[in-house]
Every structure is written in C-alpha cells, then in structure tokens.
Amino acid sequence: MKKLGLVGGTGPESTLLYYRKFVYEANKRTGDNFFPNLTIESINVYDVLVMCGRKDYEALTKYLEKAIGNLVAAGAEVVALTGNTPHIVFDELQARTMVPLVSIIESTCSEVQTLGLKKVGLVGTRFTMEADFFKRPFTESGIQVVVPHADEIDYIADKIHDELERGIIKPQTRDTFTTIIERMYQDEGIEAIILGCTELPLLFGGTELPVRALDTVDIHVEVLFKALQQ
C-alpha cells in the first residue's frame with residue numbers, strides 16, 4: 001500500500017475521523033497485525049475560511065500547496081484534503097503537485113452516479129453551498145444539486161463555524177439541521193442529502209435522517225484505498 005498524506009485541520013474533528021476510519025479500515029482489510037503508514041499536515045481551518053471569504057484563492061492555493069509539499073517531502077505518494085471547502089482550489093493544486101490528489105467532490109459525484117440519483121441536496125460551509133466548485137461536476141453529469149434557502153444557509157454556516165469546527169455537538173443544532181433536510185426532501189424532492197462538510201457525520205452519528213445521507217468522508221476513504229493500491 002502506498003503512503004497516504006492528509007491535509008488536516010479543516011477541521012480538527014474531521015481529521016481525527018479520517019485517521020480513525022482509514023487506519024482501522026486498513027487493518028480490517030489487510031490483517032490484524034497491520035496499520036498503515038501515513039502523514040498528517042494540520043493547517044488552520046479559520047485561515048482557510050478567511051481566505052475563502054476574501055476570495056483570495058491564490059493565497060489559499062499557496063497555503064495548501066505548502067502543506068502538500070510538506071507531505072510529499074515526508075514520503076506521501078497520494079494526498080487528500082480532509083475538508084470539502086479547500087477543494088475550491090483543487091484543480092490548481094493538482095496542477096502544481098507531483099503526486100496524485102484524490103478529490104472528495106469527484107469521489108462523491110461518482111458515487112451519486114453509481115446510485116443512479118438525479119437530484120441531491122447539499123449542506124456544508126457557506127462556500128460549499130453557495131459557490132459552484134462543488135456543484136459543477138454534478139451539473140456536468142446531469143445531476144441537479146439543491147441547496148438550502150438563504151436563511152438556512154446562514155444558520156448552517158454559523159453552526160459549522162462556531163460549533164462543529166470546535167467539536168461542539170448540540171442536540172438542538174442536530175434537530176434544526178434535520179428539519180432543514182426534511183424541508184428540502186418535502187419541498188424540493190431531493191433523493192439524497194450530501195453531507196458536504198466533513199464535520200457533519202459527527203453531528204448526525206446514529207441519527208436517522210428523512211432521506212438517504214451521503215457521507216463524503218466514507219465515500220472519500222473508500223476511493224483513497226483504491227488509489228493507494230494502484
């Protein structure tokens with residue numbers, strides 16, 4: 001198995017989730033006496049959000065490029081970003097990187113196509129919900145992506161920024177998110193909801209949502225295993 005490099009810290013809780021899922025799934029697949037070699041470069045999620053807010057994508061690219069360079073210097077042969085939002089500059093990063101980057105967005109789009117879905121909902125950070133970078137590959141594949149209403153986007157973005165990025169899980173927040181997803185299902189006819197922020201699995205762990213949930217962490221990790229074995 002090739003060595004994996006993860007750009008983490010976007011945010012810390014989802015980085016821990018990636019590590020646990022990847023390490024123990026690798027152990028499960030390959031044998032009780034094996035744990036994979038990987039390196040994590042942890043960056044500051046709030047720096048990423050500030051640069052996105054300013055639309056300073058060149059600064060963001062350079063920031064992430066440095067993190068990826070540190071992973072490659074540590075021997076990483078395949079690299080992944082552990083947050084959806086940093087994928088706003090994914091194409092530019094791949095053009096500047098010598099090793100393969102595995103996209104969480106492309107991985108999720110492929111899964112939606114495999115499932116035969118034509119209309120999906122998307123929740124995540126403000127940038128993920130409002131910008132085109134996440135929706136583009138879906139739209140190009142004939143899949144409609146529905147996002148929440150403007151006031152719902154405000155609520156979701158604030159809770160991700162103020163609570164989930166800090167590992168704070170509140171039942172009231174979970175209930176309100178679930179209500180928003182229920183409205184999207186009833187009013188918009190979505191066939192599934194993409195959990196397009198890698199902290200969201202922590203919020204919804206063990207919760208039955210009104211529509212099928214697509215966990216981008218699980219989807220991404222599965223694709224990473226395939227990339228590491230090529």
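Predicted model: local features only at pLDDT ≥ 70, side-chain atom pairs only at ≥ 80, totals over all residues.
User: What makes the contact between arginine 29 and glutamate 25 a salt bridge?

Analyst: The closest N and O atoms of arginine 29 and glutamate 25 are 2.8 Å apart, and the cut-off for a salt bridge is a side-chain nitrogen of Lys or Arg within 4 Å of a carboxyl oxygen of Asp or Glu, so the pair qualifies. Both residues lie in helix α1 (residues 12-30), four residues apart, about one turn of the helix. An α-helix has 3.6 residues a turn, so residues three or four places apart point the same way.

User: Why are arginine 29 and glutamate 25 called partly exposed?

Analyst: Partly exposed is the class between buried, under 20% relative accessible area, and exposed, over 50%. Arginine 29 has a relative accessibility of 37% and therefore counts as partly exposed, and glutamate 25, at 24%, is placed in that class as well.

User: How do you know whether glutamate 163 is buried or exposed, and which residue is its salt-bridge partner?

Analyst: Glutamate 163 has a relative accessibility of 5%, and because buried means under 20%, glutamate 163 counts as buried. Its partner in the salt bridge is lysine 170, with the closest N and O atoms 3.8 Å apart, a value that meets the requirement of within 4 Å. Lysine 170, at 41% relative accessibility, counts as partly exposed.

User: How many salt bridges does a search of the whole structure find, and which residues are linked in a network?

Analyst: The search finds 16 salt bridges. Glu58, Lys62, Glu65, Glu92 and Arg96 are linked in a network of such bridges.

User: What makes up the lining of the largest pocket?

Analyst: The largest pocket, with a volume of about 270 Å³, is lined by 14 residues, of which His87, Phe90, Asp91, Phe133 and Arg136 lie nearest its centre. The elements giving two or more residues to this lining are α4 (90-96), α5 (104-115) and α7 (136-140), and α7 supplies the largest share, three residues. By residue class, the lining divides into seven nonpolar, two polar and five charged.

User: What lines the second largest pocket, and how is that lining divided by residue class?

Analyst: The second largest pocket has a volume of about 230 Å³, and its lining includes Glu106, Glu111, Asp215, Asp218, Glu222 and Lys226. The lining divides into three nonpolar, three polar and six charged residues, and the elements that give two or more residues to it are α5, β7 (212-215) and α11 (216-228).

User: How do you know that the span of α11 is close to the expected one, and what caps its N-terminal end?

Analyst: α11 has 13 residues and reaches 18 Å from its first C-alpha to its last, close to the 18 Å expected at 1.5 Å a residue. The N-terminal end of α11 is capped by aspartate 215, a side-chain oxygen of which lies 2.9 Å from the backbone nitrogen of valine 217; a polar contact needs N or O atoms within 3.5 Å, so this distance meets the cut-off. Among the buried residues of α11 are Val217, Ile219, Leu224 and Phe225.

Terms used
Residues numbered from 1 in each chain as written. Heavy atoms only, no water. Buried < 20%, exposed > 50% of the residue type's maximum accessible area, 1.4 Å probe, protein only. 1 Å grid on protein atoms, 1.4 Å probe; cavity = no way out; pocket = protein on both sides within 12 Å on 5 of 7 lines; lining within 4 Å. Points joined across faces, edges and corners; volume = space filled by probe spheres on them. Nonpolar A, V, L, I, M, F, W, Y, C, P; charged D, E, K, R; others polar. Expected span 1.5 Å × (residues − 1). Polar contact = N/O pair within 3.5 Å; in protein donor to acceptor, adjacent residues only side chain to side chain.
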